[in-house]
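Hi,

Here is the structure I promised to pass on. Have a look at it first, and then read my notes below.

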Amino acid sequence: MLTINGRDVKVAGKVEFGNDKSGPSAIAFTPDGKMALVTMDGESANKIAVLTIDGSKVEYAKRDMNAGIRPYGLD
């Protein structure tokens with residue numbers, strides 16, 4: 001996770017979800033900015049992880065959506 005202030009970009013933390021072979025690849029934010037979806041196209045993942053966002057706090061909602069085989073892009 002990163003924070004951006006003008007041209008200043010800093011690492012703000014790490015969000016853990018899936019397993020070591022999940023292969024997170026694409027992310028899409030909801031229009032209200034309160035949630036994000038992340039595709040996991042790695043070995044045996046085939047899911048989309050749901051993240052919650054509250055200001056600069058981002059957490060894995062411990063909910064996954066089923067997807068087709070090896071989802072990569074997201075729109």
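Let's start with S22, which counts as buried because its relative accessibility is 2%. Buried means under 20% relative accessible area, exposed means over 50%, and partly exposed is in between, using a 1.4 Å probe and protein chains only. You'll find S22 in the loop between β2 and β3 (24-29). The strand names come from DSSP: strands are E runs of at least two residues and helices are H or I runs of at least four, numbered from the N terminus. Leaving aside neighbours within four places in sequence, S22 is in contact (heavy atoms within 4.5 Å) with F17, M40, D41, G42 and A45.

A quick word on where this comes from: it is a predicted model, where local features need pLDDT of at least 70 and side-chain atom pairs count only at pLDDT 80 or more, while totals for chains, interfaces and linings use all residues. Residues are numbered from 1 along each chain as its sequence is written, and side-chain values use heavy atoms, with hydrogens and water left out.

Next, T39. This residue lies in strand β4 (residues 35-40) and is buried, at 0% relative accessibility. Which side chain does T39 join in a polar contact? That of S25, at 2.7 Å. A polar contact is a pair of N or O atoms within 3.5 Å; within protein, one must be able to donate a hydrogen and the other to accept it, and residues adjacent in sequence count only if both atoms are side-chain atoms. Beyond four places in sequence, the contacts of T39 include P24, K47, Y72 and G73.

That brings us to G73, in the segment after β6 (57-66). G73 is exposed, at 55% relative accessibility, and touches A26 and T39, not counting residues up to four places away in sequence. Its C-alpha atom is separated by 19 Å from that of Y60, 13 residues apart along the chain.

Back to β4: it pairs with β3 in the antiparallel sense over 4 bridges. Pairing needs at least two DSSP bridges between the strands. F29 has A36 in β4 as its bridge partner. The hairpin of β3 and β4 has 5 residues between the strands, and there G33 takes a positive phi near 75°.

Finally, take a look at I4 in strand β1. Is I4 buried or exposed? It is exposed, with a relative accessible area of 65%.

Happy exploring!
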